[in-house]
Amino acid sequence: MDRLRRLPYARSVDSSSGSSPERLSSGRHGLSRAYVASSQRERLREAMVRVAAEKGFAATTITEVVERAGVSSATFYELFEDKESCFLEAFGAVNDVVVAHVAAAYVAAESEPWPARVTAALGALVRLLAAEADIARLTMVEVTAAGEEARQRYGLALERFAPFLEEGREYSSQSDLPPDTARFAIGAGTAMIFDEIRAGRGAELEKALPDLVFAVLMPYLGPEEAKKEMRRVAG
């Protein structure tokens, strides 16, 4: 959880403690209305992440979310139209965290060849998702079950990873790559992650990293070169 607290949108509740965040007093606490609303909004988003990951989006109720967040139902409806709008905002905030984490790993490896940078980014992704089971389940599983708008948002979220792969066109020895190569590679990788999380193996995602590297790099490098990267990761 510590790594998330250092990133945007990551003021987290320790879900292992079972405790609720401290309530803001309704009295004269000296905080501006905007600050209080912002704090409550973040707590509601955080609560939505935790409850939806635990129970599934369909079974999640606003009552459970507000109890976890430590705010009133009236406050919830002042900030969000309904359960879906809260979920969508929570998903967007969490996705910002995931993309920032992956981008940081990719940039940190800028002196390495492109396949190694992608491998570093994928490694950061699986370590984050393995450490944060609620985030993993929300972003990879529950969002696909939360309605058409959520599925559209999910598709747009995946597109944010495409820039990390576009350089592969220059690195690849294949000159006729389809325009949607990045989408194919991302689809293959996310399908693998989805299956692992849904099967209850989210905490062991790092074990899937070699196969994930192969799936993402293969469209650009071809099977033989992708296997070499896979073996390098597997050690």
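**Helix packing in the predicted model**

In this predicted model, helix 6 and helix 13 cross in a right-handed sense. Helix 6 covers residues 114-131 and helix 13 covers residues 223-234, and the two pack at an angle of about 50 degrees with their axes 11 Å apart. Angles of 65 to 115 degrees would count as roughly perpendicular and those under 35 degrees as roughly parallel, so helix 6 is oblique to helix 13. On the side of helix 6 the contact is made by Pro 115, Ala 116 and Thr 119, while helix 13 contributes Glu 229, Arg 232 and Val 233. Sorted by class, this contact of helix 6 with helix 13 holds three nonpolar residues, one polar residue and two charged ones.

Helix 13 itself can be checked for its length: at 1.5 Å a residue its twelve residues should span 16 Å, and because its end C-alpha atoms are 16 Å apart, the two values agree. Just after helix 13 comes Gly 235, which takes a positive phi of about 75 degrees.

A second pair to consider is helix 5, residues 83-108, with helix 7, residues 133-140, whose axes come within 10 Å and cross at roughly 115 degrees. The crossing of helix 5 and helix 7 is left-handed. Here helix 5 supplies Phe 87, Ala 90, Phe 91, Val 94 and Val 98, and these meet Ile 135, Leu 138 and Thr 139 of helix 7. The residues in the contact of helix 5 with helix 7 divide into seven nonpolar and one polar, with no charged residue, whereas the contact of helix 6 with helix 13 includes two charged residues.

Technical notes
Residues are numbered from 1 along each chain as its sequence is written. This is a predicted model: local features need pLDDT of at least 70, side-chain atom pairs count only at pLDDT 80 or more; totals for chains, interfaces and linings use all residues. Side-chain values use heavy atoms; hydrogens and water are left out. Axes are lines fitted to C-alpha atoms, for helices over the stretch in contact, and angles run from 0 to 180 degrees between N-to-C directions. Helices (H or I, at least four residues) and strands (E, at least two) are DSSP runs, numbered from the N terminus. Angles under 35 degrees count as roughly parallel, over 145 as roughly antiparallel, 65 to 115 as roughly perpendicular and the rest as oblique. A crossing is left-handed if the near helix is turned anticlockwise from the far one by less than a right angle, and right-handed if clockwise. Contact means heavy atoms within 4.5 Å. Ala, Val, Leu, Ile, Met, Phe, Trp, Tyr, Cys and Pro count as nonpolar, Asp, Glu, Lys and Arg as charged, and the others, Gly among them, as polar. The expected span of a helix is 1.5 Å times one less than its number of residues.
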